[in-house]
Amino acid sequence: MSGSSIASVITNGTVITGAGRENADVFISDGKIAAIASPGVIPVPEGAREIDASGCWVLPGMIDVHVHLREPGYVHKEDITTCTQAAAAGGVTTVFGMPNLNPVTKSRAILDDLFELYDTKSLVDWNHNPVPSELDEVLAMADAGIAAYKIYMVVDTGRDYPHPSGTGIHDNGHLLRMFEAINPTGLPFMVHPHDQAIMDVIEQSHWDRGDRSPKAYAETLATHNGLIWDTAIATLLRMSEATDTKLHIVHMQTAGSIEMVRQAKKRGVKVSCEVNHWALFLSTWNDVEELGPYALSYWVPDNHREAIWEGLNDGTIDMVSSDHAPHTREEKEVGWEDCWACHTGTPGIQDQYALLLDCAIDGKLSLERVAQVVAESPATEFRLGNKGFLRPGFDADIMIFDPLDTTKYSNETVLSRCGWTPYDGRSSKGTIVRTMVRGADVFDNGAVVGVPGWGQLARPTPFR
């Protein structure tokens, strides 16, 4: 693989971290950052590969802790190789897979088989979040090197995916037992919040009127100013506090939920949370009207989107993750007539980092904050001790971005097997020109150059 066996130096770039930005050279040796120094201070070693980053930003590669790779069981939508090719093109250097597969990842034996697939097929580094529903499997899965566990407080109505049997758990007693079982591992419990009973009532009211449209689906999940989300998150925060177990909340999208997390952090509750690309860049009401099922799962009203950006800037929301959720066009098209019959979720792993940097160029958040939310915070919250930071001794997981170029989003350039993006036809300022995983190029000037099997398990540091 290009650059994998020789030393490299990235010259003349602007290095951006959560602590600031500086014009500096980045020296890479044996897959690690060996030094970061002012230009010309350290001579380029003889035989080293020089990468000229003049005019470009040098940022940490993204750690995406919420990715649906779809393998095994649903490879007609996506597989590990196609997903991590899209990740490489999107500046993502580590992915965490989700357990809604076939078989559902809920035992050490299933997890071991899945790790073998990742090990042979992934271009970027990886981990996987299994379901802790079988309590006697929790410790064994932790010993395998997982970074977190994952469940959904939701079951599908009218379809059997994307939340297949065994992944959707909304019994609070069972939920409490899982918190208790996870506590000795020290690992985070990642939860998709949802109040199923409220959802059942609201969606039935639409069905009684014969309305199963995308608009009805969007209105259902946003009902009563975010009630479905806020009630679930209140319960999760209380369980986390009661059991002293680390909680990670996905899909932050309401002002009420953000304020609850803000106050819980002040009380010392062990909680982190994420926002996904669709909440930041998609799911306006106009998106729902124009894109229908291709924009959904969710509609985020404007007042809640404003709260999201505030929470992202002030640190209440810790990180950005894609919730990359590819489905085929056929699985989406049925949603125009019956959105409850279509598979919900949107792809986004290839698009999100560039879109976020476009927002930084426009001043919606700082470049330093971008480095934090895409890499430094995920590495910290999930204890990936050698990743996420552009510092000597850390893995050389790096993205180089040209802020003066333009990214044009098109279905024709999508690397995900699903073959479409909800951002088709849009453009943003700047473009990703290179992605490096442990010092090796996996994406370079418009082409994926990484190979399946280069990715390694991103193992968290032991809990003490």
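Is cysteine 273 buried or exposed, and what is its relative accessibility? Cysteine 273 counts as buried, at 0% relative accessibility (buried means under 20% relative accessible area, exposed over 50%, and partly exposed in between, with a 1.4 Å probe and protein chains only). This is a predicted model, in which local features need pLDDT of at least 70 and side-chain atom pairs count only at pLDDT 80 or more, while totals for chains, interfaces and linings use all residues. Residues are numbered from 1 along each chain as its sequence is written, and side-chain values use heavy atoms, leaving out hydrogens and water.

**Cysteines**

- A search of the whole structure turns up zero disulfides, a disulfide being a pair of cysteine sulfur atoms within 2.5 Å.
- For cysteine 273, the closest cysteine sulfur belongs to cysteine 359 and lies 18 Å away, too far for a bond.
- Cysteine 83 is also buried, at 0% relative accessibility, and its sulfur is 9.7 Å from the closest cysteine sulfur, that of cysteine 418, again too far for a bond.

**Helices α13 and α14**

- Helix α13 covers residues 352-361 and helix α14 residues 367-381; helices are DSSP runs of H or I with at least four residues, strands are E runs of at least two, and both are numbered from the N terminus.
- Their axes come within 9 Å and cross at roughly 155°, where axes are lines fitted to C-alpha atoms, for helices over the stretch in contact, and angles run from 0 to 180 degrees between N-to-C directions.
- That makes α13 roughly antiparallel to α14 (over 145 degrees; under 35 is roughly parallel, 65 to 115 roughly perpendicular and the rest oblique).
- Tyr353, Leu356, Leu357 and Ala360 of α13 meet Leu367, Val370, Val373 and Val374 of α14, contact meaning heavy atoms within 4.5 Å.
- By class, this contact of α13 with α14 has eight nonpolar, no polar and no charged residues (nonpolar: Ala, Val, Leu, Ile, Met, Phe, Trp, Tyr, Cys and Pro; charged: Asp, Glu, Lys and Arg; polar: the others, Gly among them).

**Helices α5 and α7**

- The axes of α5 (residues 196-208) and α7 (residues 223-243) come within 8 Å and cross at roughly 150°, and the two helices are therefore roughly antiparallel to each other.
- Ile198, Met199 and Ile202 in α5 meet Thr223, His224, Leu227, Ile228 and Thr231 in α7.
- By class, the contact of α5 with α7 has five nonpolar, three polar and no charged residues.

**Aspartate 136**

- Aspartate 136 sits in the loop between β8 (125-128) and α3 (138-143), and is exposed, with a relative accessible area of 70%.
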